[in-house]
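Work through the exercises below with the sequence and the model side by side. Try each task before reading its solution.

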Amino acid sequence: MELLLILVIGMLYAGGIYFILRRSMVKLLLGIMLLGSATNILIFVLGAIVKGKPPIIGSMQDVLDKASADPVPQALILTAIVISFALTAFAIVLLKRVYALLETDDLDDLNTPEEEDI
Amino acid sequence: MRSSILQTATRYLLPILLLFSVFLLLRGHYYPGGGFVGGLVASIAFVLHSFANGTDASMKLLGRKPLSLLPIGLGIAAFSVVLPMFWGLPPMTGLWLKGTFPIVGSLGTALFFDLGVYLVVVGVVLTILFTISLTDD
Amino acid sequence: MMGNLILAPVFIHLFTAIFQLIAWRKTVTQRILSVSGALAALIAAIALFTEVYSHGTFTINASNWKAPFAIVFVADLLGATMVLLASIAGFAVSLFSATGLSRQRMLYGYFPIFHFLLMGLNGAFLTGDIFNLYVWFEVIIIASFVLMTLGGRKNQLEGAMKYMSMNILASMFFLTGIGILYGMTGSLNMADLSEKMHDVQNRSLVGITSVFFLLGFGIKSAVFPLYFWLPSSYHTPPSAVAATFGGLLTKVGIYAMLRVHSLIFIPDDFTKKLLMVIAVLTILTGSFGALNKTNIRRLFSYLIVCHIGFMVGGIAMFSKLALMGTIFYLIHDIMVKTNMFLISGFIMQLRGVVKMEKLGGLYKEYPKISLMIAIVLLSLVGIPPLSGFWPKVYLFREAFTEHHYFFIAALILGSLVTLYVIARLWAEAFWKDVPPDIVVENKFEPLPLFRKCLLLLPIGILGTVSVYIGLNAENIIQVADRIATELLDTSSYVKAVLK
């Protein structure tokens, strides 16, 4: 399971970096999203995966009495997902605006010459 | 393009999804669920409605701008965070009322925090999606 | 009960933003709320600073849980000083934007977002949890994205695209580093981490993780190979926004570097060497970039990069004197850089342009205001009694004793270039006559006297603080001394957090 996830992480990082290095803005965004997923799975793997031991305290107990999964990585991932959700949503709106204004998807066209500055 | 199948299905799905989102919200403190997921489900309900009937119709159904949910939600959440400070406790400390209540079970600041998150999520998601879909036309 | 004071600067901005959201589209109410909220936060920050200065570090555990598990907020002297500086700068910018910003931008929700940004900054300076630091960073960058694109002009969107992609990438590196750190130690509390890091066997993994953090913070603070986004985006938003960005956002990266390197990754020889090379190259690229710029705001953007190098150099030496220099420079830089962009906004009001060849005659028309601006410009350059001079003395002396001659050369070059470009700015914008074919579009003259004063007041406040820092350097040196001691010996911080 771990080995599979590690391979997935590697592939996601590689794909994300490949996309980031392209000139298209949409692919840049996709690359950033892939990198985000890779990071989330990385945190998940680093939290030492165990199978079928949820860290839930039963109704009759006060503390966890047996070894169980670490809930912290999941909390971290959840927070990171929420944040990347907001970032991605904003990025999509920004991309749309840029495209509507400049009618280009090429990052190299994002350089209005300095003369046009005020 | 309006599909009458989707429109009919949405009419039944919208209340069910909203009810499910409230269920997730109330369940959230001890079991999987909570304000964020609940808010997402609720906003998906409205997004589905806007797919079937158009964005304007869902705006009318909502009755107000989704962005106006943001200060309400933030206010509720922030208030539940600072409330313990009036008792000299650190912020975010969970305060619980004694006894149980119908439907919600026990009542505490955590529930109000989740409620705030719920409203903020609905507000933000709908604002973003409506902005994207309205500029398309 | 004092514990609750720690979060006051955060909550004041949060509630200000919420009330402003309720008063959506009522710009007058929003302005009043913004100025009074920023003032309240400033008072809270002063109270926090005096409390920490006289009684030492104190903490608060959110949710009333025990220390390594709860998210802990720590007010040590470094954090309290940063909050104080951010509050002074925030108050000044809030005053400036209440008069200097177009109504159109206020309707898009400038003020609530601005207060969310300040809330994020204060939170980042006060948190004692590394993941919470990441969350505050995200609050800062989301708010800054919105501020960056507010108004939606063409070059603004272009700048925002670069700013956004680089900053998201930076947080990705930061998050990856946090993930590995958690995998190694099973803790996120910075004080707890500083104790557990000694026991980690896999030292090479520690090195790799520290590089992740360095990359993340390096992009945020715009150091040498990662600075490109800054000069191509900071000149695009309105001046009030650029002032907050230029004064505070890059310094959050420096703050985070100080925090992480003092608590978690104590710099070894390799890291020190790497940071030193980065510092020298940052100063060089920043100053060379500034040399030929005629757009004042682009010029200031390159000066930000140049002066970030000074601070990174201080971190690279990581001795007491060097850290004192870095912290003093940080204090000076936040005040002056915020003021520089406010001044560029003021020039924009006077002339409608910020390009040097189209400016001129400011000294003849406004001699008193020009002299006030001159003092600010001179403190940026570091003319002896003013604030930019003292930190350089410390950096210089320490670089000599540690034999970092390249850094000394870069320091001298950076200071000379700063002097040169500021002198040129003065000659072009203030002394030269107005070019004959330019039609001056003065938006400042028709304003009523009250609003004129409000526009100049923030520049005056920040200028006064700069002069105070320069003339009262002894007090600032004492603060810097104590912060540097706390950074080198973190046991009091760790003890305060873990009790």
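**Exercise 1. Count the helices and strands in chain A, then judge how spread out the chain is**.

Step 1. Helices (H or I, at least four residues) and strands (E, at least two) are DSSP runs, numbered from the N terminus. Chain A has 3 helices and 0 strands. Its pattern along the sequence is α-α-α.

Step 2. The radius of gyration is taken over C-alpha atoms, and the globule rule is 2.2 Å times the number of residues to the power 0.38. For 118 residues the rule gives 13 Å; chain A has 21 Å, well over that, so it is more spread out than a compact globule. Its C-alpha trace spans about 70 × 30 × 20 Å along the principal axes.

Step 3. Now burial. A residue is buried if 20 or more other C-beta atoms lie within 10 Å of its own, exposed if 12 or fewer, and partly exposed in between; C-beta atoms are placed from the backbone. In chain A, 23% of the 118 residues count as buried.

A note on the model: it is predicted, so local features need pLDDT of at least 70 and side-chain atom pairs count only at pLDDT 80 or more, while totals for chains, interfaces and linings use all residues. Residues are numbered from 1 along each chain as its sequence is written, and chains are lettered from A and ligands numbered from 1 in the order in which they are written.

**Exercise 2. Describe the contact of chain A with chain B**.

Step 1. Two residues are in contact if their C-beta atoms, placed from the backbone, lie within 7 Å. The contact takes 5 residues from chain A and 5 residues from chain B.

Step 2. Sort the chain A side. It has 4 nonpolar residues, no polar ones and 1 charged. Here Ala, Val, Leu, Ile, Met, Phe, Trp, Tyr, Cys and Pro count as nonpolar, Asp, Glu, Lys and Arg as charged, and the others, Gly among them, as polar.

**Exercise 3. Check the span of helix α9 of chain C, and find what covers its buried residues**.

Step 1. The expected span is 1.5 Å times one less than the number of residues. Helix α9(C), residues 203-221, has 19 residues and should span 27 Å; its end C-alpha atoms are 26 Å apart, which agrees.

Step 2. Its buried residues include C:T209, C:S210, C:F213 and C:L214. Among the elements covering the buried residues of α9(C) are α7 (154-185) and α10 (239-263) of chain C.

**Exercise 4. Are C:A222 and B:M92 buried or exposed****?**

Step 1. C:A222 follows α9(C). It lies in the loop between α9 and α10 of chain C. Most residues other than glycine have a negative phi.

Step 2. C:A222 has 24 C-beta neighbours inside 10 Å, so it counts as buried.

Step 3. B:M92 sits in the loop between α4 (69-82) and α5 (109-136) of chain B. Its phi is about 75°. B:M92 has 22 C-beta neighbours inside 10 Å, so it counts as buried.
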